[in-house]
Amino acid sequence: MRNLTYTDCSLRVRYAETDQMGVAYHGNYLVWFEVGRSEFCRHHGFSYQEMEDNSGRFLVVATVQCRYLAPLRYDSEFLVRTRIKKLRRRTVSFAYELLDPQGEKVYAQGETTHVVTDREGKPRSLPEYYEKLLMESR
């Protein structure tokens with residue numbers, strides 16, 4: 001199953017997210033991926049918190065990949081574009097792009113893969129309800 005729809009959310013590089021030269025610290029890109037992932041879920045009808053509370057399922061990060069293409073600098077506005085790359089019974093992969101507000105310049109590309117677990121950390125299937133929501137185009 002592949003979902004080609006994406007969700008954009010707008011962010012701005014804060015001073016605390018930069019180094020002495022005003023360039024965004026590389027670790028913040030993973031935080032911005034998380035923001036994009038959370039907004040993607042909200043856009044598709046649920047929050048992580050709701051899924052955890054209602055189904056006892058958690059999306060545990062198994063792998064992270066980020067390719068840095070151009071530096072983001074203090075006070076730069078940018079978009080986090082998020083989409084589902086792959087959805088299986090027990091894993092979900094998200095793809096990300098960090099772009100300028102016009103969607104023309106790419107600052108970074110990345111991917112996270114998550115294993116669906118229960119509260120004890122045992123792999124479980126993603127409930128069908130959330131699978132359907134993730135795959136819906138809105």
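Phe-40 is buried, with a relative accessible area of 0%; here buried means under 20% relative accessible area, exposed over 50% and partly exposed in between, with a 1.4 Å probe and protein chains only. The model is a predicted one, in which local features need pLDDT of at least 70 and side-chain atom pairs count only at pLDDT 80 or more, while totals for chains, interfaces and linings use all residues. Residues are numbered from 1 along each chain as its sequence is written, and side-chain values use heavy atoms, with hydrogens and water left out.

Helix H1 covers residues 28-43; helices (H or I, at least four residues) and strands (E, at least two) are DSSP runs, numbered from the N terminus. The buried residues of H1 include Tyr-29, Trp-32, Phe-33 and Phe-40. Just after the helix, Gly-45 takes a positive phi of about 105°.

Turning to the rings, the structure holds eight aromatic pairs. Rings of Phe, Tyr and Trp (its six-membered ring) pair if their centres lie within 6.5 Å, with planes under 30 degrees apart counted as stacked, over 60 as edge-to-face and the rest as tilted. Tyr-15 and Tyr-74 have ring centres 5.4 Å apart and planes at 90°, so this pair is edge-to-face. Tyr-15 sits in the loop between strand E1 (6-12) and H1, and Tyr-74 in the loop between E2 and E3, 59 residues apart. Tyr-15 is exposed, at 63% relative accessible area, whereas Tyr-74 is partly exposed, at 44%. The rings of Phe-40 and Phe-94 are also edge-to-face, with centres 5.9 Å apart and planes at 80°. Because Phe-40 lies in helix H1 and Phe-94 in strand E4, their pair ties together parts 54 residues apart in sequence. Phe-94, too, is buried, with a relative accessible area of 0%. Elsewhere, ring pairs link Tyr-29, Trp-32, Tyr-68 and Phe-78 into a cluster.

E3 gives the most to the lining, with four residues.

How values were computed
The expected span of a helix is 1.5 Å times one less than its number of residues.
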